[in-house]
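Here is a short tour to read alongside the model on your screen.

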Amino acid sequence: MQFDSRKDSVIPASFESINRMRIVELLETKVENCKTKTITFNDALCGKATPGQFVMVWIPGVDEIPISLSGINPDGCTSITINGVGDASRTLNRKQKGEIIGIRGPFGNGFVISKGNVMVVGGGTGIGPLMPLSEKLVKTADKLTLMSGVKSQENLLFLERIDNVCSEIESETVFTTEDGTYEIAGFVTDKAETMLTNDKFDMIYTCGPEQMMYKMFLLAEQYGVPLQASLERMMRCAIGLCGSCQIGKLRVCKDGPVLTSEQLRSVKEEFGKFRLDATGNKIKQQ
Ligand SMILES: Cc1cc2nc3c(=O)[nH]c(=O)nc-3n(C[C@H](O)[C@H](O)[C@H](O)COP(=O)(O)OP(=O)(O)OC[C@H]3O[C@@H](n4cnc5c(N)ncnc54)[C@H](O)[C@@H]3O)c2cc1C
Ligand code: FES
């Protein structure tokens with residue numbers, strides 16, 4: 001099957017076109033906080049992505065890294081939100097409007113949109129892929145509880161966008177900061193537990209540090225709520241060939257990055273506990 005961007009076709013894109021690197025120009029770069037930036041570019045294939053899918057971003061002369069889509073629009077206007085932690089992500093965050101990057105994708109399985117009473121729990125930059133998800137959920141769900149947990153007020157992201165999306169549906173927003181500088185002091189998972197005790201949810205979506213998602217998985221199991229979590233692993237090929245992203249029998253790039261409760265149960269010896277490092281050695285998670 002061929003993708004024909006000229007006709008804005010609904011024919012599914014071929015694997016070759018998804019995996020082919022496209023050079024895109026940065027249309028906008030926005031500083032979100034001292035370590036985080038959102039960059040926007042135009043790409044027809046990303047315009048058809050599912051929330052939770054990711055792209056491999058080539059930063060010329062540095063590296064190629066996986067980043068989830070934080071903004072998806074049918075016209076192809078796409079954004080990614082990057083936390084500068086190392087060489088590649090920091091170099092990406094220094095890029096300015098008009099500079100170029102390469103992208104492959106979108107790859108992997110995104111979130112499955114649910115109905116009913118849904119809880120969305122983001123930790124740090126993990127709120128990124130949960131934004132286009134929430135923008136879809138407001139069209140299908142009855143109620144949305146959107147929770148964002150960060151270390152400190154300065155790390156909060158997308159406050160205005162969260163306000164806008166939540167104004168479209170019966171909703172509740174919860175912000176937690178570990179140092180108590182904004183709204184509720186403490187961990188987002190503690191507040192989520194209180195909410196799970198008091199209300200019946202139909203689906204939990206989560207993305208963030210793995211320890212946080214592991215805690216959400218345990219809570220979801222305890223309260224009998226299905227969960228979808230977006231996992232991070234070392235990635236190279238992004239198409240299920242190299243094995244860098246292995247967790248149990250699953251490959252996060254192809255089977256995930258969004259894994260369901262059932263899939264997470266099948267890898268519970270590793271989820272929240274171990275990951276492969278750059279050399280393929282299994283290392284303990286911090
Ligand atoms: C499917 C998927 C989606 C992702 N989506 C996003 C996204 O939307 N936004 C985003 O900012 N990142 C995202 N990441 C993580 C991103 O790919 C890594 O942060 C990036 O590869 C780091 O590369 P680097 O060369 O800058 O840092 P490296 O040199 O690889 O790492 C530098 C240091 O930072 C640590 N580190 C690496 N990754 C992380 C991390 N994720 N969090 C904290 N510390 C880390 C390393 O252990 C090391 O100590 C995603 C990863 C995957 C697998
Ligand atoms: S990144 Fe190569 S198999 Fe997943």
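Helices (H or I, at least four residues) and strands (E, at least two) are DSSP runs, numbered from the N terminus. This is a predicted model, in which local features need pLDDT of at least 70 and side-chain atom pairs count only at pLDDT 80 or more, while totals for chains, interfaces and linings use all residues. Residues are numbered from 1 along each chain as its sequence is written, chains are lettered from A and ligands numbered from 1 in the order in which they are written, and side-chain values use heavy atoms, with hydrogens and water left out.

**Backbone details**

Let us begin with the peptide bonds. Proline 106 sits in strand S7 (residues 100-107), and the bond joining glycine 105 to proline 106 is cis, with omega about 0°. Another cis bond runs from glycine 256 to proline 257, with omega near 10°; proline 257 belongs to the loop between strand S15 (250-251) and strand S16 (258-260). Phenylalanine 158 is also worth a look: though not a glycine, phenylalanine 158 has a positive phi of about 60°. Its place is the loop between strand S9 (141-150) and H4.

**The ligand site**

Which residues come nearest to ligand 1? Of the 18 residues around ligand 1 (a heavy atom within 4 Å), they are Pro66, Thr81, Asn83, Ser89 and Glu232. By class, this shell has 10 nonpolar, five polar and three charged residues. Here Ala, Val, Leu, Ile, Met, Phe, Trp, Tyr, Cys and Pro count as nonpolar, Asp, Glu, Lys and Arg as charged, and the others, Gly among them, as polar.

The table lists polar contacts to the ligand (pairs of N or O atoms within 3.5 Å).

| Backbone N or O atom of | Ligand 1 atom | Distance |
|---|---|---|
| Proline 66 | oxygen | 2.7 Å |
| Threonine 81 | nitrogen | 2.8 Å |
| Glycine 86 | oxygen | 3.2 Å |

The protein covers 63% of the 900 Å² of accessible area that ligand 1 has on its own, by the Shrake-Rupley method with a 1.4 Å probe. Strand S5 (63-72), strand S6 (77-83) and helix H2 (87-94) are the elements giving two or more residues to the shell, and S5 supplies the largest share, four residues.

**Two helix pairs**

Axes here are lines fitted to C-alpha atoms, for helices over the stretch in contact, with angles from 0 to 180 degrees between N-to-C directions. Helix H3 (residues 127-137) and helix H4 (residues 159-166) have axes that come within 9 Å and cross at roughly 15°. H3 is therefore roughly parallel to H4, a term for angles under 35 degrees.

Helix H5 (residues 188-198) packs against helix H6 (residues 210-223) at an angle of about 10°, with axes 10 Å apart, so H5 and H6 are roughly parallel to each other.

Terms used
Polar contact = N/O pair within 3.5 Å; in protein donor to acceptor, adjacent residues only side chain to side chain. Parallel < 35°, antiparallel > 145°, perpendicular 65-115°, else oblique.
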